Amino acid sequence: MRRIVLPLLVASSLVWAAVSSAATRPRYGGTLHVAIRAAPASLDPADPVQANSTAAQNISRLVFDTLVILDDRGQAQPALASSWQSEPGGQRWQFMLRTGVKFHNGSAFTPDTVAASLRASNPTWKVFPATDSVIIECDAAVPDFPAELALPRNAIAKRDGNKLFGTGPFAIADWQPGKKLTLTSRDEYWGGRPFVDSIEIEMGKSLREQMISLDLGKADLVEVAPEQAHRAAAEGRQVESSAPVELMALVFSRERQSPEDGKPREALALSLDRSSLNTVLLQGGGELAGSLLPNWLTGYAFLFPTGPDLPRARELRDEAQQVPIWTLGYDPTDPVARVVAERISLNARDAGLKLQLSAANSADVRLVRIVLPSLNARVALTGVAAGLGLTPPKFTGNSVSDLYAAESTLIQSQRVIPLLHIRSSYALSAIVKDWGQDPDALWRLPEVWLGTEKP
Amino acid sequence: MSFRRKLLAVFALTVFLSVAAVTWIVSAITRRAFERSNEERTTALVAQFRREFNRRGEDVVQHVQAIADSESVTRMALALAQGSPDYSAYVTEARNIAENQQLDFLEFVNSEGTIVSSAQWPAKFGYKYSPLQAIQSAPKDAFLKQEELPENATLALSAVRAVGAGERPLYVIGGRRVDKEFLASLELPSGMRALFYQNLGTGFAPQLLIDPSGSLQNPDRVAPLIQQVLLQKQESTEIVHWSSAAADDETVHAIPLAGQDRQTLGVLLVGNSLRPYVDLLQHIRSAAMLVGGASIVLAILLSGWAAGRVTRPVEQLAEAARAVADGNWSTQVEVTSSDELGELAAAFNRMTHELLEQKEQLVQTERVAAWRELARRLAHELKNPLFPLQLTVENLVRARQHSPEQFEEVFRESSSTLLAEIANLKAIISRFSEFSKMPQPQFQRIDLNDVVQNVARLFQAQLRLPDGPPILCTLALGEGMASIAADPELLHRAISNLVLNAMDAMPGGGTLTLRTRQDGEHALLEVSDTGTGLTPEECERLFTPYYTSKSHGTGLGLAIVQSVVSDHGGKISVQSQPGHGTTFLIELPRDHDKIQPPGQSTGATR
């Protein structure tokens, strides 16, 4: 009996080990189904509409490459440019191009094409093609120019009439603007073939529809609202959240006219109970923000106060000679914006201020959400300031203290009141393996492979 | 105004008043009927509203009770009773449960009065519910409640239940909005509508007036009624003029609806359109105007026919009477009916017949009388010369017995006397002959003063006879006398006759005055004497032919004068008193149209 049992045990152990090994080892093939809420009408990286859309940036990264990419610490790493150098002063940069790269239509990756693409994205730049490189001249010194080139809008695209061709890991197989995008993996991708054969992206789906698609097995990757992430995870779904990469803030439409004008603004800032916003309304989906950039990016954000101070807020309100009645605008398509705006209005009422909610664009104060544009803190601050309509920050040096000073100046201008830094969350089906995100919440889909487990 | 017009006016007025009276009566009856109907419809609708209000209230109570009895809320109550609330765990709870229970409003409030979760205002977690006593003393039934929302407020039909025994209950406050859908659920009869005013502010605000049809215009028109009801807290009815068109008017009955603390939170407005009434009234008026118009036309025709029946004989009688007045005494009218008008026509005919007979009788009588007078006058005139003739002849017969000389003398004297008397007889016969042969005047343009002066000159010698009475002839001739159309010869004869009469009237002397003057289109001539004068009876008969007041006259002088004056188109009159003289006044028209061109003549030749 033992003679028989022992070999059977050994054999079954070997089979189990083989099966287990097969379940964890990446495999090629399959179609990844993705659903997103955004419905971009264009895939062109130079389209300015895409700047503040994480989904658009994600799609752009699948089709297009940039000359440079940033690592988790925000340092520039070679991508389509194998190396680069700048002349003293940082106004003229030369990027050596990677060889052996081809566009999706099979055409060669040449300096001329790169120069044309960069000119389309940045009309103010002077871009000159060289033999195996491109030379870019800027009006002023740009110390973080490689990080600038890593922005999705500077991805290299070959424009042939209405058609776009990139060098990314996936090629466009079918494109129905605003509805559906089908991508196929490229065997000849210079970075190596992705594991999945294709990706189908359904666009314009509400978060509720996305969650239903996930539960029905029709989608493998869906977006989850930060306030729903905790609940979705509690209900047994695989939920992945990024670091806080999205700023929620109040932005005044006008510059402060006088110090007197700043008192009601400061009173409003001191009346806000950010903790309730985060823990209750966003269900802990973010972090309290007193600064524009998150703490994980700068390391000094904790220096900016976030707690309410109602007595001081009331004092400032009483000191103000004229207390305006502001209209508070919000994005009506954002499911959480309305309730956040209502809470802000209640907090302001506690300080004796009056905010009238308005879905119109022409409000005195707007509740906005803006995605962190870069993993480079300086580029990110510049991008956030531009996205919020603030005066561009002025950096006196490259140190962290210079960055802090520039950001403090922006905050003290009282045009903006940071509220929260919010995480991006996604729910995944069980077959999605090796899911990964960059710190700025951008997908690493080329590394993802699909398992065989049924949900 | 003619009788025909009077009759027409009476007919038309009668018809108009009759139609107006009938219209007014019908309108009044219609108005009363509509008012009764409106009252009944309003009462029924208000009762329906109250039933619906109560039914919905019971529904809200059931749902709130079900929420309070649910396991999740019980767990929530227990968790909250044990410590400080974790709002993040409940922030969406109220909204989710409200959606499941089909409630518009739902809030969970802990025993300290803190809002744990709110469906209508999710951001309000952690804030105090005010006032907490309102929850603790809330009735078991549903009640009207003002719900505060982030941007405004609204009214709700709410109920309150407490969950959990002990000292730390959890209050469940749920309700449904009193809105368009609520009003739209009422089954409204045609022409009625229900409005609801939410008393959420201090003054009237048009946006707080709920109209399920969404067609309400000029909501300010109903503001006074709402304000009156809010002030007096009593039902009130008023006609609301929504526009200038009367058909848009509505009878609006307003009913105050109180909340938990008896504060008037809402006003139900039940509108009854007056359009059917106005339309019916318009139809009545149109029909009245149509009937009135047709009746007036009929009245005109009838009055015309009736007036014709009455006035035509009367007009014929009037025409006949005018003909009789003009001398046509034989006029007869047609007797067309046997009624009073027919009798009147027959009586008129009899009257004219009698008049004609009496006239002929009178003419006959006058003719006989004239002949008698003529015979008397002829006998008288002829008898006077015959008597001397008889005496003269008898004297001649007796003279034959005297001597021839004496006879010769008597014969000579008698012959002279006979010749004189025969001449006298011839003169008498000649005057009668002249009168019978009065010629027609030959008109020509003359100056009356010239004729008068000629007459005065003719009689000048006779007036100055030494053995005659002392008569002074005075001429008072008017200056600037216009010429007249007259026959100077006939006029001369007429004036001469008047002068002779005047001289005869003054046997003892006196003053004869001839006076002329102009009076408009007439020339006047006065012949006055200061003689014996005439009695009124004599004056009346003065111009009758063959009448004379003198012992020796033929009675033809003044008849000739009147005939001449009459042929000239003039008039003659006399004024006299016994002892004070007599004045004849002749009035002659200028009348130049009578003047005929030379070579033509009218009437008998002289």
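**Salt bridges and overall build of the predicted model**

In this predicted model, the side chains of R237(A) and E235(A) come together in a salt bridge, with 2.6 Å from N to O. Of this pair, E235(A) is partly exposed, its relative accessible area being 47%. A second salt bridge joins E246(A) to R369(A), and here the closest N and O atoms are 3.2 Å apart. E246(A) belongs to strand 14 (residues 238-252) of chain A and R369(A) to strand 18 (residues 365-371) of chain A, so this pair ties together parts that are 123 residues apart in sequence. E246(A) counts as buried at 15% relative accessibility, whereas R369(A) is partly exposed at 21%.

Another salt bridge links R61(A) and D438(A), whose side chains meet at 2.6 Å, N to O. This pair connects distant parts of the chain, 377 residues apart: R61(A) sits in helix 2 (residues 54-63) of chain A, and D438(A) in the loop between strand 20 (432-433) and strand 21 (449-450) of chain A. With a relative accessible area of 10%, D438(A) is buried, while R61(A) is partly exposed at 33%. Salt bridges can also form a network, as they do among E260(A), K263(A), R312(A), E315(A) and E319(A). Over all chains, the structure holds 39 salt bridges.

Chain A contains 13 helices and 21 strands. Its radius of gyration is 25 Å, close to the 23 Å that the globule rule gives for 455 residues, so chain A is as compact as a globular protein of that length. Along the principal axes, the C-alpha atoms of chain A fill a box of roughly 90 × 70 × 40 Å. Of the 455 residues of chain A, 51% count as buried. Among contacts in chain A between residues at least 6 apart in sequence, 68% join residues at least 24 apart. The accessible surface of chain A is about 20700 Å², and 52% of it belongs to carbon and sulfur atoms.

D211(B) is found in the loop between strand 7 (209-210) and helix 7 (223-232) of chain B. This residue is buried yet has no salt bridge. The nearest side chain of opposite charge, R193(B), is 4.2 Å away, and a salt bridge requires the atoms to be within 4 Å. Leaving aside residues up to four places away in sequence, D211(B) touches K180(B), R193(B), L195(B) and L216(B).

Note on methods
Residues are numbered from 1 along each chain as its sequence is written. Chains are lettered from A and ligands numbered from 1 in the order in which they are written. This is a predicted model: local features need pLDDT of at least 70, side-chain atom pairs count only at pLDDT 80 or more; totals for chains, interfaces and linings use all residues. Side-chain values use heavy atoms; hydrogens and water are left out. Helices (H or I, at least four residues) and strands (E, at least two) are DSSP runs, numbered from the N terminus. Buried means under 20% relative accessible area, exposed over 50%, partly exposed in between (1.4 Å probe, protein chains only). Lys and Arg count as positive and Asp and Glu as negative; His and the chain ends are not counted. Contact means heavy atoms within 4.5 Å. The radius of gyration is taken over C-alpha atoms; the globule rule is 2.2 Å times the number of residues to the power 0.38. Accessible areas come from the Shrake-Rupley method with a 1.4 Å probe; for residues, only the protein chains shown count as cover.
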